[in-house]
Amino acid sequence: MLDDASLQALALTLRLAATTTVVLLLAGTPLAWWLARTRSRLKGPVGAMVALPLVLPPVVLGFYLLVLMGPNGPVGQLTQSLGWGVLPFTFAGLVVGSVLYSMPFVVQPLQNAFEAIGERPLEAAATLRASPLDTFFSVVLPLSRPAYLTAAVMGFAHTVGEFGIVLMMGGNIPGKTRVMSVQIYDHVEALEYRQAHWLAGGLLVFSFLVLLALYTLQPGRRKGQGA
Amino acid sequence: MKPIDTTAGIAGISASFRRSFADFSLDVALAVPGRGVTAIFGPSGSGKTSLLRSIAGLERAGSGYLSVNGEVWQDDAAGVFLPVHQRPLGYVFQEASLFAHLDVARNLGFGLRRVPTTRRRVSLEQAIELLGLQKLMQRMPGTLSGGERQRVAIARALATSPRLLLMDEPLASLDIARKAEILPYLERLHDELDMPVLYVSHAPDEVARLADHLVLLDAGRVTASGSTRELMTRLDLPLAHGDAAAAVIDAVVSAVEPHWHMSHAEFAGGRISLLNPSLEVGQRVRVRIQARDVSLTLTRQEGTSVQNIFAVAVVALSPDSPGQVMVSLDAGGGTLLARLTQKSAQALQLRPGSRVFAQVKGVAVLG
């Protein structure tokens, strides 16, 4: 039913989405924490930057990343001087692009959860001898579990469906950067509608199931403070 | 500025904080005993909570100094500031603020397991027993009543063996029935644990019941500090005026008459009769006598139903609400308050030094 090229694209897509999600959960947590707690004037601009991919066509994002990270771009110059080569048209480049592209889907649920918890549980924990780091792991993290589930699922699913960025800065290299959405595009271009159907239909069913699980398994948003 | 501590020596709590907010400034210097319950009393907006939070380190004052029984927790002049989690204190917030993801047992254990074994003086069992939580241990906070939650919060703070317990109007968010449910636990705390407590309140009855020592706060300044008994009857202070004005007297039970449901207790000014049969001879009781329940006569009344009559001398008179006057009375060293109409004060020709008899209609035992 799926040819080898499609299977390869599927595997690559899952690897990309998983890597992106892990990176985003790790990097997004401190960013979301900062956004939720800061009184800095930078909160607005940084929040807007994080949310940009929600409104920006992915092709635009991909274009600028290509320019920045290409051999003559500032980031490209840096990565070359560090001996990493240039990122566009590599898997690492795709991860960087996906992380930026899917960032709001991870950072925003976490930020909302951190804001909902409020000041009080943190103060209570401090008066009970918990250091700030201790408080984060013993109070904030458990209270934010539903948000982490949402963030992970949304980040993963959103990365699976990306196309514009990949095409701009990843190209179409089998096994390296040819992910599912590009593969579907290729199939359609080649008039291989049957193969395209399998992949496109699979993606549709996958997306629906993910959202269904998210909306049914998570009964009502837990209130941050409650007691 | 370090307040000079005349009442408590090194074994006391010295605090001074100065801090400006947009519409309010806190500027306090106080020294209170390092034991017993000290109530911080004042109208809302007087800076009580701000003071308590500064003591906890939850708010950092512009400049501050704090030492607790000889240990300096904060001295901004010397660059000393212990972060909250390093101060051996307990804090009870107005709302219980339990951790919603932990059951009662784990809430109680949260602070306890972060305190080194060598520094534990209150056992978990003791805290559970004191607040009557035995049956609630497996419950989640969301399933508890407001009163139960607040008891868990108090026990959770106690279980860390704090060297200073801070309570910010712990009863304010509760209705009268829940308050009545918790007050006895607070009294047991006072009697059974030798732990200094700072108790923020704006309810005179709570203060009368729980506090040994009183700090009056108004507009971010300390207006008076001293023993509860003394401050509640000082006519120059707002506490001794209005409907709730009352004197607090400590007495010792001398006789019990179970068939009359009565007890009798001795204080400096004489013998008080109480409608309370459950007391024991020798027991110390604190009673409250409200100013509006005291009337004055020039001669000792015979043939009256009033049992509590004391020979007293007028100390001072002070205008109260329109048409009324508050009189402070010396009853053999104890102070009583009487609230009279100006007309009757005039008719009796009361002036400082007048010898009269105080008839007391109601006496409440505070426990």
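Trainee: Between which two elements of chain B is the loop that holds B:Q349?

Mentor: This is a predicted model, in which local features need pLDDT of at least 70 and side-chain atom pairs count only at pLDDT 80 or more, while totals for chains, interfaces and linings use all residues. Residues are numbered from 1 along each chain as its sequence is written, and chains are lettered from A and ligands numbered from 1 in the order in which they are written. Helices (H or I, at least four residues) and strands (E, at least two) are DSSP runs numbered from the N terminus, and the loop with B:Q349 lies between α8 (342-347) and β20 (355-360).

Trainee: Is B:Q349 buried or exposed?

Mentor: B:Q349 is not a glycine, yet its phi is positive, at about 55 degrees. A residue is buried if 20 or more other C-beta atoms, placed from the backbone, lie within 10 Å of its own, exposed if 12 or fewer, and partly exposed in between. Because B:Q349 has 8 other C-beta atoms within 10 Å, this residue is exposed.

Trainee: How does A:F89 count by its C-beta neighbours?

Mentor: A:F89, in the loop between α4 (74-81) and α5 (91-117) of chain A, has a positive phi of about 65 degrees although it is not a glycine. Because A:F89 has 17 C-beta neighbours inside 10 Å, it counts as partly exposed.

Trainee: Which strands are the edge strands of the five-strand sheet in chain B?

Mentor: The sheet is open and antiparallel, with the order β16-β20-β17-β18-β19, where two strands pair if DSSP finds at least two bridges between them. Each edge strand pairs on one side only, and in chain B these are β16 (294-297) and β19 (334-341).
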